[in-house]
Amino acid sequence: MKLGFIGFGEVAQTLSNGLIDHGLKVLTCTDGRSHKSAESAKSTGVYLCSTYSELAKSCDILLSAVIPAEAVNVAKNVGKNFNGIYVDLNNVSPATINEASTYIAEGYTVDAAIMGSIKNGLKTPIIASGPRAEIFAELKNYGMNIEVIGSQLGQASGLKMLRSAYTKGVSALLFESFYAAFQMGLDEILWRYLSQTEGSNFKDSSVSRLKSSTLHSHRRAQEMEEVSKFLSKYEDPLVTRATSEFFHHLHDKLGYISEKPTDYRDVFRKFKKNSF
Ligand SMILES: NC(=O)c1ccc[n+]([C@@H]2O[C@H](COP(=O)([O-])OP(=O)(O)OC[C@H]3O[C@@H](n4cnc5c(N)ncnc54)[C@H](OP(=O)(O)O)[C@@H]3O)[C@@H](O)[C@H]2O)c1
């Protein structure tokens with residue numbers, strides 16, 4: 001089996017490292033890409049094709065790991081002449097996956113979603129759906145952690161969005177409750193009482209969520225807008241809309257933050273100072 005990457009950023013580099021170690025032939029093309037991507041492909045030791053059409057001709061499976069805004073363009077460029085499996089690994093909505101699939105031979109697109117940070121290497125869970133998702137899942141033989149969750153496009157990307165709606169909604173609620181508790185001088189006692197029902201690890205995982213919420217507030221606000229559009233197909237997503245509004249508000253008050261704060265109370269202090 002030969003595997004090709006379109007896009008050679010963090011995802012492609014991390015997966016390639018592991019897959020090459022497991023004996024898989026991995027290819028890419030960096031024509032027109034940045035020096036960083038070209039160097040990273042070279043240093044990883046993947047086979048470099050000189051054109052994207054050579055890459056498509058040489059692979060059984062092509063993985064698109066670009067940036068979400070380029071997902072449809074990449075599929076358009078691959079086109080219907082590619083006769084292997086086309087896997088879209090980008091963080092995009094079910095609607096975008098379906099749009100991208102119209103440019104690929106019918107039935108050959110796989111919807112795939114990375115469920116966590118790729119920093120965990122090949123062990124990072126990836127869910128997949130689509131009529132040929134099982135073929136993509138054969139990469140488990142080379143160490144990847146893939147679960148096929150259904151046979152339709154949109155199921156994997158949709159599930160990822162549902163997970164985001166839940167986790168970001170909880171993060172927003174955590175901020176709101178603990179910001180009030182902090183101002184009342186009761187945050188330690190609230191941690192203690194909530195830990196009785198939510199589990200002993202509750203404080204550590206929640207503090208980590210509070211900190212990463214501030215670091216990524218802008219991105220999360222935009223992500224929740226996308227999730228809200230997706231959920232509108234099934235319900236009126238009141239909570240997700242409010243979550244998006246919350247993260248916009250957080251970003252307005254705190255601005256861009258370059259490093260994870262060490263103490264969540266510092267974040268509350270800054271938030272309070274900028275609220276008046
Ligand atoms: N990193 C993670 O942990 C993670 C987790 C979940 C999902 N994802 C998703 O996985 C995808 C890849 O993520 P990443 O972290 O690897 O991104 P990244 O580090 O920003 O790399 C993106 C790569 O795509 C290339 N690229 C951009 N537009 C392209 C185009 N039109 N044609 C070909 N190549 C193009 C970039 O080239 P240049 O260098 O020239 O810009 C770069 O090599 C994204 O959609 C992301 O949302 C990532």
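Analyst: Let's start with burial: a residue is buried if 20 or more other C-beta atoms lie within 10 Å of its own, exposed if 12 or fewer, and partly exposed in between, with C-beta atoms placed from the backbone. Residues here are numbered from 1 along each chain as its sequence is written. Bear in mind that this is a predicted model: local features need pLDDT of at least 70, side-chain atom pairs count only at pLDDT 80 or more, and totals for chains, interfaces and linings use all residues.

User: How many residues of strand 6 are buried?

Analyst: Strands (E, at least two residues) and helices (H or I, at least four) are DSSP runs, numbered from the N terminus. Strand 6 covers residues 109-114, and five of its six residues are buried, so the rest of the structure largely encloses it.

User: What about the two faces of strand 4?

Analyst: In a regular strand the side chains alternate between the two faces of the sheet. Strand 4 (residues 61-64) is covered on both: Ile61 and Leu63 are buried on one side, Leu62 and Ser64 on the other.

User: Which strands pair with strand 4, and in what sense?

Analyst: Strands of a sheet pair through backbone hydrogen bonds, either parallel or antiparallel. Here, two strands count as paired if DSSP finds at least two bridges between them. Strand 1 (residues 2-6) pairs with strand 4 in the parallel sense over four bridges, and Phe5 has Leu63 as its bridge partner in strand 4. Strand 4 is also joined to strand 5 (residues 85-88) by four bridges, again parallel, with Ser64 opposite Asp88. Between these two, the chain goes through helix 4 in a right-handed β-α-β crossover (with the strands pointing away from the viewer, the path from the first strand over the helix to the second runs clockwise).

User: And how does strand 6 pair with strand 5 and strand 7?

Analyst: Strand 5 and strand 6 are parallel, with three bridges, and Asp88 has Asp111 as its bridge partner in strand 6. Strand 5, helix 5 (residues 94-101) and strand 6 form a right-handed β-α-β unit.

User: Which residues come nearest the ligand?

Analyst: A residue is near a molecule if its C-beta atom, placed from the backbone, lies within 6 Å of it. There are 24 residues around the ligand, and Gly7, Gly9, Val11, Asn90 and Asn91 come nearest. Helix 1 (10-21), helix 2 (35-44) and helix 4 (71-78) each supply at least two residues of this shell, and helix 1 gives the most, with three.
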